[in-house]
Amino acid sequence: MVLLGFITRPPHRFLSLLCPGLRIPQLSVLCAQPRPRAMAISSSSCELPLVAVCQVTSTPDKQQNFKTCAELVREAARLGACLAFLPEAFDFIARDPAETLHLSEPLGGKLLEEYTQLARECGLWLSLGGFHERGQDWEQTQKIYNCHVLLNSKGAVVATYRKTHLCDVEIPGQGPMCESNSTMPGPSLESPVSTPAGKIGLAVCYDMRFPELSLALAQAGAEILTYPSAFGSVTGPAHWEVLLRARAIETQCYVVAAAQCGRHHEKRASYGHSMVVDPWGTVVARCSEGPGLCLARIDLNYLRQLRQHLPVFQHRRPDLYGNLGHPLS
């Protein structure tokens, strides 16, 4: 496989005019297909934490999906990443709600155990972006949760966030989606979690359309926002990148978005275009077509400098518009 490497930088001229004296790092960014043979990273940025964003095409075959994800995670570890992000529905994408419920598992089931072993084996953190979870209320509700699970490098579950905004939409040309047919909405947000890359605020896919959530996470201390997703073929080209860049700009956070891509089965396909956006709103890493991974370095000093020179959170006016994005309790 061929490794594709490129360097992307924020718009220096405009930022320098706006913020004299602001140091803008040169970020080494790489986009890769599975099993690249080599990687070149600028020596000036090697001390910055490296994150990997994995793009896959999940099917109803759970073991094949795990094999694909494990291959990418192992490659991310080989390339030096401290944290790997997997997309929503990394475990499977079923053909209908009945199959979704049939294939779902509890957090203590076989599949999550395989991922805890994988995290330990590779020695890196895993963001499991959307697990079909049979919760404690499964017997009563016969519905599941779309659960974002964060594992540390020892394989321990350090955070679980259950998707709070369910995607019940009818988009012309894309087909209807009614997530609530099989899924319960989560009851709360999860406070940002400290990781080797920074403090991460957990979200899932459709959540990105609600800026209140991202503002709440940012005010609670998030430095990286994650939106693991499975965007469709109509909303993807129209809204995917612009929403991710908007969330990064308004929160002054890095945004990491691992995505599903390609055709999952005869009834469903996803847009792909996994990416990382920096706090200035620049896309600093992007996956090419098909399954693979992209890598980006997280520069928290740059984030802090930007927040210092553009102190938007100090300028908010809750007296005018209430507790929009009020910090988490």
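This is a predicted model: local features need pLDDT of at least 70, side-chain atom pairs count only at pLDDT 80 or more; totals for chains, interfaces and linings use all residues.
Strands here are DSSP runs of E with at least two residues, numbered from the N terminus.

**The chain as a whole**
- Of the 329 residues in the chain, 55% are buried.
- The chain has an accessible surface of about 13,900 Å², and carbon and sulfur atoms account for 53% of that surface.
- Taking contacts between residues at least 6 apart in sequence, 73% join residues at least 24 apart.

**The largest pocket**
- The largest pocket holds about 990 Å³ of space.
- It is lined by 42 residues, and those closest to its centre are Pro176, Met177, Cys178, Glu179 and Arg268.
- Strand 9 gives the largest share of this lining, with four residues.
- Several other elements each supply at least two lining residues, including helix 3 (97–103), strand 5 (125–133), helix 7 (235–251) and strand 15 (268–271).
- Sorted by class, the lining of the largest pocket comprises 18 nonpolar, 15 polar and nine charged residues.

- Ser182 sits in the loop between strand 9 and strand 10 (193–195).
- Its relative accessible area is 8%, so Ser182 is buried.
- Leaving aside residues up to four places away in sequence, Ser182 touches Pro97, Thr100, Leu101, Lys143 and Ile144.

**Val255, a buried strand residue**
- Val255 belongs to strand 13 (residues 254–257).
- Val255 counts as buried because its relative accessibility is 0%.
- Val276 is 21 residues away from Val255 in sequence, and their C-alpha atoms are 5.7 Å apart in space.
- Beyond residues up to four places away in sequence, Val255 touches Leu225, Tyr227, Leu244, Arg247, Ala248, Met275, Val276 and Val277.

**Cysteines**
- The structure holds zero disulfides.
- Cys287 is in no disulfide, and the nearest cysteine sulfur, that of Cys294, is 3.7 Å away; a disulfide would need the two sulfur atoms within 2.5 Å.
- Cys287 has a relative accessible area of 6%, so Cys287 is buried.
- Cys82 is buried too, with a relative accessible area of 18%, given that buried means under 20%.
- Cys46 is partly exposed because its relative accessible area is 44%.
- Cys46 and Gly80 lie 34 residues apart in sequence, with 9.9 Å between their C-alpha atoms in space.

**Two residues with positive phi**
- Cys205 has a phi near 40 degrees, a positive value in a residue other than glycine.
- Cys205 is located in the loop between strand 11 (198–202) and helix 6 (211–219), and Cys205 is buried, with a relative accessible area of 8%.
- For His273, phi is near 60 degrees, again a positive value in a residue other than glycine.
- His273 is found in the loop between strand 15 and strand 16 (275–277).
- At 19% relative accessibility, His273 is counted as buried.

Conventions: Residues are numbered from 1 along each chain as its sequence is written. Side-chain values use heavy atoms; hydrogens and water are left out. Buried means under 20% relative accessible area, exposed over 50%, partly exposed in between (1.4 Å probe, protein chains only). Contact means heavy atoms within 4.5 Å. Accessible areas come from the Shrake-Rupley method with a 1.4 Å probe; for residues, only the protein chains shown count as cover. On a 1 Å grid over the protein atoms alone, a cavity is a set of points where a 1.4 Å probe fits but cannot get out, and a pocket is an open set with protein on both sides within 12 Å along at least five of seven lines; lining residues have an atom within 4 Å of a point. Grid points are joined across faces, edges and corners, and a volume is the space filled by probe spheres set on the points. Ala, Val, Leu, Ile, Met, Phe, Trp, Tyr, Cys and Pro count as nonpolar, Asp, Glu, Lys and Arg as charged, and the others, Gly among them, as polar.
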